[in-house]
Amino acid sequence: MTRWGILATGYIAATFVEDLKLLPDAEIVAVGSRTEESARAFADRHGVPRAYGSWQEFAADDDIDVVYVATPHAAHFDATMACLDAGRAVLVEKPVTLERATAQQLVDMAGAKNRFLMEAMWMRCNPVVLRILELIADGAIGEVTGVQADFGVGGPFPPEHRMRARALGGGALLDLGVYPISLAHLLLGLPDHVRSWARISPEGVDENTGIVLGYDSGAVATLSCGMIGATRVAAVVTGRTGRIELAPPFYRPGQVTLLRDGADPELLPVDLTGSGYQHEAAEVQRCLAAGLLESPLVPHAATLEVMGLLDEIREQIGVTYP
């Protein structure tokens with residue numbers, strides 16, 4: 001049985017807790033927050049035995065095998081560092097931090113403490129996404145030549161909302177754009193060329209962003225993210241002999257269609273059990289049982305490379321964080 005601690009009490013934390021209940025070998029033993037009132041309310045609502053009103057007390061609980069950090073991403077670094085320092089394994093929500101340098105510090109700390117660390121890029125643990133990778137490796141669509149993906153939400157978000165707050169790492173790129181960028185990275189690796197443009201809000205964060213990743217192989221990824229209009233949140237992977245279409249939302253697709261040149265369309269089976277977070281939790285538990293310090297599905301190198309891409313794009317579009 002893997003004993004989980006949940007650090008944060010918001011919507012994502014609650015959704016993750018519900019999905020953990022789908023795993024028979026997972027147990028939630030504690031929740032932590034900045035206030036005891038918030039932690040206690042969450043614990044009562046979800047049947048969690050212990051509630052802590054400080055991160056330090058929470059992290060010191062030796063009954064916790066692994067912590068799920070679900071704070072707003074501006075707090076990921078401090079929360080994860082506190083848990084690693086206390087000797088806990090950590091699954092931290094994406095993006096792992098606000099920039100590559102601090103992400104590297106967390107990886108270094110995990111190594112120094114000999115503790116497991118994984119970014120919660122749950123798309124990379126989804127069974128149908130893993131099946132797509134197998135199909136591509138088997139040559140189902142030939143060499144990948146293009147990736148198209150979008151993630152835009154309609155809002156509107158008031159000026160005080162976290163999505164518009166520079167101090168909280170706001171903007172579309174880190175919150176939404178990390179998904180299409182991660183998909184392109186998963187399929188094509190690091191690009192050789194990066195071009196991006198964005199409309200910047202009065203608060204100084206990106207509202208609508210377009211990204212083109214170019215590869216010397218000839219492949220191109222055309223990606224977008226935004227918070228001023230709802231897009232399809234779909235993706236298409238094009239190869240020399242076919243394509244794969246991921247229906248919305250592409251990071252947890254409700255339908256996947258394989259179109260091989262000259263053949264009838266094929267629908268791939270999809271798993272829509274729960275909200276989809278259970279797959280990353282199961283991967284964490286598998287890694288812990290095997291004594292691994294990182295996941296082969298979401299390796300540290302991939303997390304750091306994507307964070308480096310986000311840094312480069314933010315520099316091009318002129319978004320900085322305090």
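**Stop one: helix H9**

Select residues 300-317: this is helix H9, whose 18 residues reach 26 Å from first C-alpha to last, close to the 26 Å expected at 1.5 Å a residue (that is, 1.5 Å times one less than the number of residues). Helices (H or I, at least four residues) and strands (E, at least two) are DSSP runs, numbered from the N terminus. You are looking at a predicted model, where local features need pLDDT of at least 70 and side-chain atom pairs count only at pLDDT 80 or more, while totals for chains, interfaces and linings use all residues. Residues are numbered from 1 along each chain as its sequence is written, and side-chain values use heavy atoms, leaving out hydrogens and water.

Next, show the open six-stranded sheet, ordered S3-S2-S1-S4-S5-S6 with parallel pairing (strands pair if DSSP finds at least two bridges between them). Its edge strands are S3 (50-52) and S6, each pairing on one side only. Zoom in on S5 (residues 89-93), joined to S6 by four bridges; valine 90 stands opposite leucine 117 in S6.

**Last stop: isoleucine 6**

Which residues does isoleucine 6 contact, leaving aside neighbours within four places in sequence? Among them are Phe16, Ile28, Val31, Phe58 and Tyr68.

Definitions and conventions
Contact = heavy atoms within 4.5 Å.
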